[in-house]
Amino acid sequence: MRLPEFIYHEPENLQEATNLISEFNGRYGIIAGGTDLMVKMKQRLQNSQYLISLDRIPALKTIKEKADNIIIGSMNTLDDIVNSEIIKEKLPCLKQAAWEVGSPLLRSVATIGGNICLNTRCRFYNQSYFWRSSRETCCKAGGHVCHVTNQEDACYSTFVADTVPALIAYDASIKLVGVDKTRKLSLADFYTGDGRMPNQILKGSNEILTEIEIPIPKDDIRSVYHKFRVRESIDFPLVGVAVMMKGIEEKHCQDARVVFTGVGSAPVEAKLAREKIIGQQLTPDLILEVATMAVSELHPVKTDLMSPNYKRGIAQVLVEKALRDVGGVNNGKDD
Amino acid sequence: MEKTINLTVNGETRSIAVDVNQTLLEVLREDLGLTGTKKGCNQGECGACTVLMDGKPVSSCLVLAVKADGKTVMTIEGVAKDGSLHPIQETFNQKGAIQCGFCTPGMILTTKNLLDKNPNPSLGEIKEAISGNICRCTGYVQIIEAITSLAKEKNARGGV
Ligand SMILES: Cc1cc2nc3c(=O)[nH]c(=O)nc-3n(C[C@H](O)[C@H](O)[C@H](O)COP(=O)(O)OP(=O)(O)OC[C@H]3O[C@@H](n4cnc5c(N)ncnc54)[C@H](O)[C@@H]3O)c2cc1C
Ligand code: SF4
Ligand code: FES
Ligand code: FES
């Protein structure tokens with residue numbers, strides 16, 4: 001399948017880029033690495049009259065430390081993230097999550113901005129035009145039915161980006177730049193939870209994601225990302241979870257974050273689990289309790305080949321393992 | 001819409017007018033006649049279309065040709081020198097790491113990139129490096145054997 005026709009622009013600075021998006025309102029696509037967009041265009045899931053490439057805007061490619069924050073330009077590739085000394089040292093969970101995306105062939109061009117803006121996925125949606133033409137067009141592709149739930153005008157396609165749970169666990173915020181406005185918002189607030197328009201840019205805000213700002217974690221923070229997928233070599237997560245804990249050396253945990261991908265139309269933070277853990281000493285019993293509580297906050301829908309129950313089972317195992325790993329608690333078994 | 005791009009392919013500087021909706025894979029195969037680069041899935045899953053762009057392995061079916069403007073590209077045709085196969089190609093042959101051959105160009109380029117960066121990869125590093133190159137035939141065992149023996153030979157030669 002070849003790409004449809006489009007007109008291609010390569011703005012050389014942000015001003016030029018935002019001028020173009022406001023001029024082409026609703027008729028353009030933004031291309032970063034293109035690893036997701038190219039496939040969607042080949043599948044005729046996106047037909048943009050104009051493509052605006054962010055390749056030639058050097059300001060989007062830096063990674064720097066500023067005051068107590070690390071600022072990552074949206075056009076850094078996942079390889080850049082994995083190989084960055086600052087990220088290796090200060091944000092190991094992000095490094096690990098970026099490394100889990102796809103395969104080396106993708107990470108060499110796929111960007112962190114593209115990962116954050118990644119559209120939600122579904123087995124009835126991410127298919128060729130030919131495959132999809134055997135059924136009525138579903139809600140996300142512009143129709144009115146949902147082949148997963150049989151509901152009308154609702155879509156439960158799943159958010160599957162790998163780096164986002166780690167970024168939310170680190171309390172990341174993002175900068176969105178439009179033609180005459182710039183705003184900063186917490187990354188968690190970027191997501192809408194609506195499978196049709198899962199983030200504010202896809203909802204049509206006419207903005208470019210320019211940078212990600214992450215407060216440098218204090219020394220007493222530990223974190224890990226665990227991902228489960230069908231093929232180890234190259235696959236989207238069926239479930240992914242980032243777990244961060246603060247002050248665990250002090251015996252009593254001062255703060256904790258448990259953030260999932262793959263289980264809803266947005267990243268999901270297990271808030272009850274967080275409350276449960278704070279102030280407690282991490283024991284095998286508490287780990288079991290917290291994991292069970294975290295999983296009770298998940299409501300996956302069958303948008304891939306795994307049943308919701310199976311996903312919850314996997315999520316339970318991943319959270320338990322992640323809590324043991326960050327808390328240094330042994331369960332007496334090899335796993 | 002057409003655009004002229006300048007790129008270096010296998011050491012040769014080229015200036016080509018491409019349609020902006022052509023992928024690098026299409027330009028290599030159809031405009032430059034470099035059909036050693038294969039089209040498998042055409043959607044980033046199989047690695048048959050792997051080329052090295054500015055020294056990094058990429059799936060050329062996902063890269064717009066216009067994005068290769070100003071870049072250096074190496075395809076499988078650029079690996080052999082003066083009519084003789086590269087040691088990686090020789091070793092793949094000898095070790096039976098090639099069956100139908102469809103994944104081979106991509107596999108060789110990924111291997112070249114790995115060994116150029118890391119002459120002494122562990123088994124885990126080898127598996128990770130070729131994780132985006134899918135082979136239907138060999139079961140990977142011979143491919144991994146070939147790469148392991150190349151690393152050993154390279155070390156024995158002092159890294160060249
Ligand atoms: C075979 C295969 C396997 C994959 N496996 C994984 C996986 O395991 N985990 C995972 O998370 N992803 C996976 N992906 C998806 C994708 O490769 C990654 O999410 C990647 O990080 C996307 O980045 P990109 O730069 O290529 O995005 P693009 O394709 O360029 O863009 C993706 C979307 O984001 C928008 N966008 C990008 N950058 C910006 C910006 N700065 N401002 C505004 N909008 C922007 C684009 O308009 C588009 O809608 C896989 C893809 C393939 C083909
Ligand atoms: S969840 Fe339903 S509406 Fe959404 S993409 Fe899947 S089939 Fe379409
Ligand atoms: S043809 Fe490009 S990855 Fe399969
Ligand atoms: S040798 Fe046939 S696909 Fe690898």
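Helices (H or I, at least four residues) and strands (E, at least two) are DSSP runs, numbered from the N terminus. With that in hand, let's start the tour.

This is a predicted model, in which local features need pLDDT of at least 70 and side-chain atom pairs count only at pLDDT 80 or more, while totals for chains, interfaces and linings use all residues. Residues are numbered from 1 along each chain as its sequence is written, chains are lettered from A and ligands numbered from 1 in the order in which they are written, and side-chain values use heavy atoms, leaving out hydrogens and water.

**Stop 1: ligand 1**

Select ligand 1 and show its neighbours, counting a residue as near if one of its heavy atoms lies within 4 Å. Colour by chain next: the site is shared between chains, because residues from both A and B surround ligand 1.

Now look for polar contacts (pairs of N or O atoms within 3.5 Å). Pick Asp162(A): an N or O atom of its side chain is 2.7 Å from a nitrogen atom of ligand 1. At Leu209(A), a backbone N or O atom is 2.9 Å from a ligand nitrogen. Then move to Lys227(A), where a polar side-chain atom sits 2.9 Å from an oxygen atom of the ligand. Ligand 1 taken alone exposes 980 Å², of which the protein buries 96% (accessible areas by the Shrake-Rupley method with a 1.4 Å probe).

**Stop 2: a sheet in chain A**

Select S9 to S12 of chain A, an open four-stranded sheet in the order S9-S10-S11-S12 with antiparallel pairing; strands pair if DSSP finds at least two bridges between them. Its edge strands are S9 (221–228) and S12 (268–269), each pairing on one side only. S11(A), residues 255–261, joins S12(A) over two antiparallel bridges. Zoom in on Val259(A), and you will see Glu269(A) of S12(A) opposite.

**Stop 3: a sheet in chain B**

Switch to chain B and select its open sheet of five strands, ordered S2-S1-S5-S3-S4 with mixed pairing. S2 (12–19) and S4 (56–59) are the edge strands. Finish at Met53(B), whose bridge partner in S5(B) is Val73(B).

Conventions:
A polar contact is a pair of N or O atoms within 3.5 Å; within protein, one must be able to donate a hydrogen and the other to accept it, and residues adjacent in sequence count only if both atoms are side-chain atoms.
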